[in-house]
Amino acid sequence: MSDKTYTLRDNSTGDELELQSKSGSIGPDVVDVRPVYAKQDIFTFDPGFSSTASCESAITYIDGDKGILLYRGYPVEQLADKSSYIEVCYLLLHGELPTAAQLEGFSHSIRTHTMINESMLRFFNGFHHDAHPMAMVGGVVSSMSAFYHDTLDINNPRHRQIFAHRIIAKMPTIAAAAYKHTLGQPFVYPDNDLDYSSNLMRMFFGVPAEDYRIDPVAAEAIDLLLILHADHEQNCSTSTVRLAGSSGTNPYSAVASGIAALWGPAHGGANEAVLRMLEEIGTVDNVDKYVNKAKDKNDPFRLMGFGHRVYKNHDPRATIIRKMCYRVLDNLGQQDNPLFDLALQLEQIALKDEYFVERQLYPNVDFYSGIIYKALGIPSSMFTVMFAVARAVGWVSHWQEMIEDPDSRIGRPRQLYMGSGPRDYQAITERS
Ligand code: CMC
């Protein structure tokens, strides 16, 4: 608790309520508004939760004004430069970087849980060939609770650990199965000798008829994107996982609800929308026209991949991904990639435009990620699935933290009711 207090005063009665503030390790204090309803009989009102801290958390810290993102205290730039996705998973789950032995044990456990039940694999044949991969992935992840009911006791730490390893290990396999189904190609079983990202690429792009050669730059780029998408504190999908999980539902269902929330274009669906937008803009000559459309309040068009609820300076992930774009395109001999040129031009124009400057709208994580995915041969319908693969560890870490928090209660917001007052039922013959 900090020693600051705030007074909430009802001007009509003069009643006052002292509210205590609490300090985190870094970042703004919070005012504990829990006594407000009990003592003053009013609710606080914060649609979109832009001023509300919903929980205590020790996993990820964002300073949106300075463009800082820390996983368990470590700057994301350092992790992107020096770590691997699997090590970042360990860090997010356990709070500390692993020793060599811990990393080997964790990595071995993930590598040996990559297969999915053959019955689960057959689900994919039930989906139409043009089903969106996010729909398939959400459905199949939800079905996992029907396969692993022996380890669904959320109060058992060992069960929670098995769940965490299963989700992290199997997400690439489920994603690849969804992709192969859309292509009509045979599923490629995981290769447990490969690292996480190389295995993912082989399952995506390998075919039984040929050996698959892993491009190290491509695998490195995938690993980097996984690291950068691994967690982002109480974002929409993570809050959804926490809210669903707070009812005590099984964790596979909670994660499936996170996948559903991620799919929306204001959240993880933005990477797919960015590419559609760049293709629609087509050439640098059209950039001004689309920037003007984005500024026009009568036009629903928004610059996808621009703006963020929390970052008001820059999104550090976008800066890292833009750098990786050059590397990937160079490696593929695509130095003159028209989509990348268009994205760079769009960024330059938008960053100088008063509308975007005033509203502090900058490229976010989704602005450049699609350029890399597309260059590597991943179709745009799979972009949000890639986000879901990466974010699974964030969802699991937050779910675990919530379950282990003795103060955690079912999430149950209230409302400002604007509907009709009490009224009597009318028989249908009496209604006009
Ligand atoms: N293009 C044009 N105008 C924008 C944009 C944009 N991309 N984003 C925000 N604005 C304007 C908005 O119209 C509003 O203007 P005014 O104050 O005149 O009404 C102002 O900026 C504030 O916008 P907001 O919608 O109130 O801000 P928010 O914090 O509720 O929304 C956002 C944040 C990310 C949903 C929004 O910026 C957006 O829709 N961006 C495009 C979609 C996108 O790229 N989403 C990915 C987010 S990052 C990854 C992730 O979270 O998954």
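Two strands count as paired if DSSP finds at least two bridges between them. I began with that criterion, and I noted that the model is a predicted one.

**Entry 1**

I looked up the pairing of strand 1 and strand 2, and found 5 bridges in the antiparallel sense. In this pairing R9 stands opposite E16 of strand 2. The two strands form a hairpin with 6 residues between them. In the turn, G14 has a positive phi of about 85°.

I recorded an open sheet of 3 strands in the order 1-2-3 with antiparallel pairing. Its edge strands are strand 1 (5-9) and strand 3 (30-31), and each of them pairs on one side only.

Which residues of strand 2 lie on its covered face, and which on the uncovered one? I listed L17, L19 and S21 for the covered face. For the uncovered face I listed E16, E18, Q20 and K22.

I turned to another open sheet of 3 strands, which has the order 4-5-6 and antiparallel pairing. Strand 4 (60-63) and strand 6 (74-75) stand at its edges, each with a single partner strand, so one side of each has no neighbour in the sheet. Strand 5 (residues 68-71) pairs with strand 6 over 2 bridges in the antiparallel sense. I noted that Y71 stands opposite Y74 in strand 6.

**Entry 1: the loop between helix 1 and strand 4**

I examined two residues in this loop. D41 is found between helix 1 and strand 4, and D41 has a positive phi of about 60° although it is not a glycine. In general, most residues other than glycine have a negative phi. Is D41 buried or exposed? I found D41 exposed, with a relative accessible area of 57%.

I42 also has its place in the loop between helix 1 (35-40) and strand 4. At 42% relative accessibility, I42 counts as partly exposed, because the cut-off for exposed is over 50%. I also checked I42 against L416, which is 374 residues apart from it along the chain. Their C-alpha atoms are separated by 9.9 Å.

**Entry 2: Q360**

I looked up one further positive phi. Q360 has a value of about 55° although it is not a glycine. Q360 is found in the loop between helix 16 (354-358) and helix 17 (365-375). With 34% relative accessibility, Q360 counts as partly exposed.

**Entry 3: aromatic rings**

How many aromatic pairs are there? I recorded a count of 20 aromatic pairs. I then examined individual pairs. Y90 and F106 have ring centres 5.6 Å apart and planes at 80°, so this pair is edge-to-face. The pair links distant parts of the chain, with Y90 in helix 3 (residues 85-94) and F106 in helix 4 (residues 100-111), 16 residues apart. I found Y90 buried, and F106 buried as well.

F204 and F205 form another edge-to-face pair, with 6.1 Å from centre to centre and 65° between the planes. F204 is buried, with a relative accessible area of 1%, whereas F205 is partly exposed, with a relative accessible area of 22%.

I also recorded one aromatic cluster, formed by F306, Y326, F340, Y355, F356, F367 and Y368.

**Entry 4: the ligand**

Which residues come nearest to the ligand? Of the 22 residues around the ligand, I noted H267, R302, L303, G305 and R309 as the nearest. By class, this shell has 11 nonpolar, 6 polar and 5 charged residues.

A polar side-chain atom of R302 lies 2.8 Å from an oxygen atom of the ligand. For L303, a backbone N or O atom lies 2.7 Å from a nitrogen atom of the ligand. For R359, a side-chain N or O atom is 3.0 Å from an oxygen atom of the ligand. On its own the ligand has 940 Å² of accessible area, and the protein covers 74% of that area.

Methods
Residues numbered from 1 in each chain as written. Predicted model: local features only at pLDDT ≥ 70, side-chain atom pairs only at ≥ 80, totals over all residues. Heavy atoms only, no water. Phe/Tyr/Trp six-rings, centres within 6.5 Å; stacked < 30°, edge-to-face > 60°. Helix = DSSP H or I, 4+ residues; strand = E, 2+ residues; numbered from the N terminus. Buried < 20%, exposed > 50% of the residue type's maximum accessible area, 1.4 Å probe, protein only. Near = heavy atom within 4 Å. Polar contact = N/O pair within 3.5 Å; in protein donor to acceptor, adjacent residues only side chain to side chain. Areas by Shrake-Rupley, 256 points an atom, 1.4 Å probe, with all protein chains shown as cover. Nonpolar A, V, L, I, M, F, W, Y, C, P; charged D, E, K, R; others polar.
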